[in-house]
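Please read them with the coordinates open.

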Amino acid sequence: EHIASFSHMSADHASFPLDSWLKCEQQALKAERKQLENYVHPQGLYTVRQTLARFLRLTRGVKCRPEQIVLGSGTQQLLRQLSSIMNPDTTYGIEEPGYQRLRHLLESEGRSVAYVPLDDQGVSMSYLEKSRVSAVITTPSHQFPTGIIMPISRRIELLNWAVTNENRYIIEDDYDSEFIYDADAVPSLQSLDGSNRVIYTGTFSKSLLPGLRISYMVLPVPLLEKYRDKLAFLMSSCSTLTQLTLQRFIETGEYQKHIKKMTKLYRVRRERLIEELEKAFERTIEITGANSGLHFVVTVKSERGEREILERAKALGLEVYGTSRFYQQVYTSTHPSLVIGFARLSEEQMEEAVTTLKEAVYGV
Ligand SMILES: Cc1ncc(COP(=O)(O)O)c(CN[C@H](CF)CCC(=O)O)c1O
């Protein structure tokens with residue numbers, strides 16, 4: 001077990017509103033026995049998709065009808081389905097650094113993948129325009145892992161790129177978009193798309209819990225028709241009970257209440273952690289990507305490389321990950337950078353966790 005965790009992989013399970021979730025679940029169990037005794041629509045229960053369509057419009061400006069939503073047990077399942085209805089010779093552009101598990105998934109499906117470098121506004125358009133990428137997978141709300149928030153100007157450029165060729169798509173992975181601190185919410189790419197180029201995916205793993213395994217994708221109508229042709233045989237991959245519980249949790253306002261509470265809690269925690277890091281490391285670190293989401297990146301000026309820092313941190317009982325895990329190419333950057341998540345870090349543990357991190361970076 002770790003003495004403390006900077007893991008970026010979870011939400012703050014200690015603050016999960018268990019009582020109200022259980023109440024919604026019990027109500028669902030009692031009121032919806034019929035639904036539970038049968039198989040439901042392959043895309044998930046229609047009434048749940050109605051709730052989600054309203055929720056996405058309200059929170060992210062996503063414009064869609066419930067028919068366009070597919071519920072799934074995790075983003076990877078949805079991407080697997082999507083790649084089976086898209087052009088088989090699509091080249092998928094993965095952000096570099098980016099979410100490597102999506103790359104592994106696409107490669108395991110025999111899809112062709114290319115790497116799209118980033119500049120300070122997100123995916124590099126100059127690279128994209130020269131590349132053979134036809135479907136770019138991007139995380140504009142809080143680029144994973146750098147934390148870059150893609151400005152509206154770059155979103156427009158990206159949409160213009162997509163409309164210049166009817167085989168081009170943007171897969172907008174709106175991951176980690178629920179919590180924003182020092183920036184205004186930027187409208188989703190999907191809300192700006194007038195040409196059926198954007199597939200929007202999201203998940204409740206960060207705002208609720210990863211273990212619920214409930215994620216969703218919004219298909220533009222032409223792809224929905226392909227979905228119905230090719231994947232009508234599929235059964236819904238996420239639990240009907242979880243769908244019904246989530247629906248109640250949203251309809252009763254519990255979800256919005258939870259997000260408000262967690263934004264306040266995470267904002268305070270994030271500020272405290274930045275203070276502690278700056279106090280302990282003084283001028284020797286640079287913090288980037290901290291304006292939204294549940295993690296940021298800390299780049300340290302140290303002779304010690306990332307691998308050695310992580311080994312020492314592990315030996316000291318500290319859970320922390322480095323950014324090299326998100327690069328497909330091996331980079332030997334002069335200054336190692338770490339992904340610092342704060343969802344699992346309590347205020348009491350903070351000082352000790354930062355001291356231990358400093359020990360891992362500079363300790364002898
Ligand atoms: C960019 C991005 N889009 C979606 C998910 C969510 O997927 P799901 O919960 O299955 O809906 C993740 C999940 N991120 C992993 C867990 F935090 C990262 C593991 C690692 O670092 O290998 C992610 O990074």
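1. A salt bridge here is a side-chain nitrogen of Lys or Arg within 4 Å of a carboxyl oxygen of Asp or Glu. The model is predicted, and side-chain atom pairs count only at pLDDT 80 or more. On that basis, a search of the whole structure gives 19 salt bridges.

2. Start with R154 and E157. Their side chains form a salt bridge, with the closest N and O atoms 3.1 Å apart. Both sit in helix α7 (residues 152-163), 3 residues apart, so about one helical turn separates them. R154 counts as buried because its relative accessibility is 7%, under the 20% cut-off. E157, at 34%, counts as partly exposed.

3. Next, E276 and R272. The closest N and O atoms of this salt bridge are 3.1 Å apart. The two residues are 4 apart in helix α11 (residues 254-281), about one helical turn. E276 is buried, at 8% relative accessible area. R272 is partly exposed, at 22%. This pair belongs to a network of salt bridges that links R272, E276, K279 and E347.

4. E311 is partly exposed, with a relative accessible area of 45%. R307 is exposed, at 63%.

5. Strand β3 (residues 91-96) and strand β6 (residues 135-138) pair in the parallel sense over 3 bridges. Here G93 stands opposite V136 in β6. β6 also pairs with β7 in the parallel sense, over 4 bridges. In that pairing V136 stands opposite I170 in β7.

6. Which residues of β6 point one way, and which the other? A135 and I137 point one way from β6, while V136 and T138 point the other way. In a regular strand the side chains alternate between the two faces of the sheet. All four of these β6 residues are buried.

7. Helix α5 (residues 100-108) deserves a look too. Its buried residues are Q100, L102, R103, L105 and L106. What covers them includes α4 (75-85) and the strands β3, β4 (112-119), β6 and β7 (169-173). After α5 comes G110, with a positive phi near 75°.

8. The other sheet to check is an open, antiparallel one of 4 strands, in the order β10-β11-β14-β13. β10 (285-288) and β13 (321-322) stand at its edges with a single partner strand each, so one side of each has no neighbour in the sheet. β10 pairs with strand β11 (residues 295-300) in the antiparallel sense over 4 bridges. I285 stands opposite V300 in β11.

9. Helix α11 returns here. α11 packs on the sheet and touches β10, β11 and β14 (337-341). Its direction makes about 160° with that of β10. As noted in point 3, α11 also carries E276 and R272.

10. Last, the ligand. Which of the 16 residues around the ligand come nearest? They are H8, T75, D173, S205 and R213. The side chain of T75 has an N or O atom 2.7 Å from an oxygen atom of the ligand. For the side chain of R213, the corresponding distance to a ligand oxygen is 2.6 Å. The side chain of S215 also places an N or O atom 2.8 Å from an oxygen atom of the ligand.

Key:
Residues are numbered from 1 along each chain as its sequence is written. This is a predicted model: local features need pLDDT of at least 70, side-chain atom pairs count only at pLDDT 80 or more; totals for chains, interfaces and linings use all residues. Side-chain values use heavy atoms; hydrogens and water are left out. Buried means under 20% relative accessible area, exposed over 50%, partly exposed in between (1.4 Å probe, protein chains only). Two strands pair if DSSP finds at least two bridges between them. A residue is near a molecule or strand if one of its heavy atoms lies within 4 Å of it. A polar contact is a pair of N or O atoms within 3.5 Å; within protein, one must be able to donate a hydrogen and the other to accept it, and residues adjacent in sequence count only if both atoms are side-chain atoms. Contact means heavy atoms within 4.5 Å. Axes are lines fitted to C-alpha atoms, for helices over the stretch in contact, and angles run from 0 to 180 degrees between N-to-C directions.
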